[in-house]
Amino acid sequence: MQVQLEFVFDTEPDAYRFLNTAKHFAAKDLIVKRGRSSQHVLIRYRYADGEFDDTAAKLDDLARDMGGEEFSG
C-alpha cells in the first residue's frame, strides 16, 4: 500500500532540514520532496507488508521535533 504524507513548517529552513533528514529513513520506495510550497514537504513510501510499520509515527515525531506538523488541507 502506498502512503502519502505532507508536513508543513513555519520556515523554509526548518522544512529543508526535515526534508534532508527524512530522505534517509529506511522505508520501501521512499520519495521525499518539496510539497505545495517551500514550507511543505511531501513524503511517499510503500507500507511494509506483513509487519507493523511505524514510519508514519516516526515522521510525525521528527516533524514535531523540528517545528512542523502533518498537513491535512
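**Around helix H2**

In this predicted model, the buried residues of helix H2 are covered by elements that include strand E1 (2–9), helix H1 (12–22), strand E3 (40–46) and strand E4 (68–70). Helix H2 itself spans residues 55–65, and its buried residues are Thr 55, Leu 59, Leu 62 and Ala 63. These residues lie on the same side of H2, because the arc that they cover around the axis is only 100°. Just after the helix comes Gly 67, whose phi is positive, at about 85°.

The axes of H1 and H2 are 10 Å apart and the two helices pack at an angle of about 150°, with H1 passing H2 in a right-handed crossing. In this contact, Phe 18, Thr 21 and Ala 22 of H1 meet Leu 59, Leu 62 and Ala 63 of H2; of the residues involved, five are nonpolar, one is polar and none is charged.

Asp 49 sits in the loop between E3 and H2, and Asp 49 counts as exposed because its relative accessibility is 61%, where the cut-off for exposed is over 50%. Although Asp 49 and Met 1 are 48 residues apart along the chain, their C-alpha atoms are separated by 8.0 Å.

Definitions and conventions: Residues numbered from 1 in each chain as written. Predicted model: local features only at pLDDT ≥ 70, side-chain atom pairs only at ≥ 80, totals over all residues. Heavy atoms only, no water. Buried < 20%, exposed > 50% of the residue type's maximum accessible area, 1.4 Å probe, protein only. Helix = DSSP H or I, 4+ residues; strand = E, 2+ residues; numbered from the N terminus. Arc of directions from axis to C-beta. Contact = heavy atoms within 4.5 Å. Axes fitted to C-alpha atoms, helices over the stretch in contact; angles between N-to-C directions. Left-handed = near helix turned anticlockwise from the far one by under 90°. Nonpolar A, V, L, I, M, F, W, Y, C, P; charged D, E, K, R; others polar.
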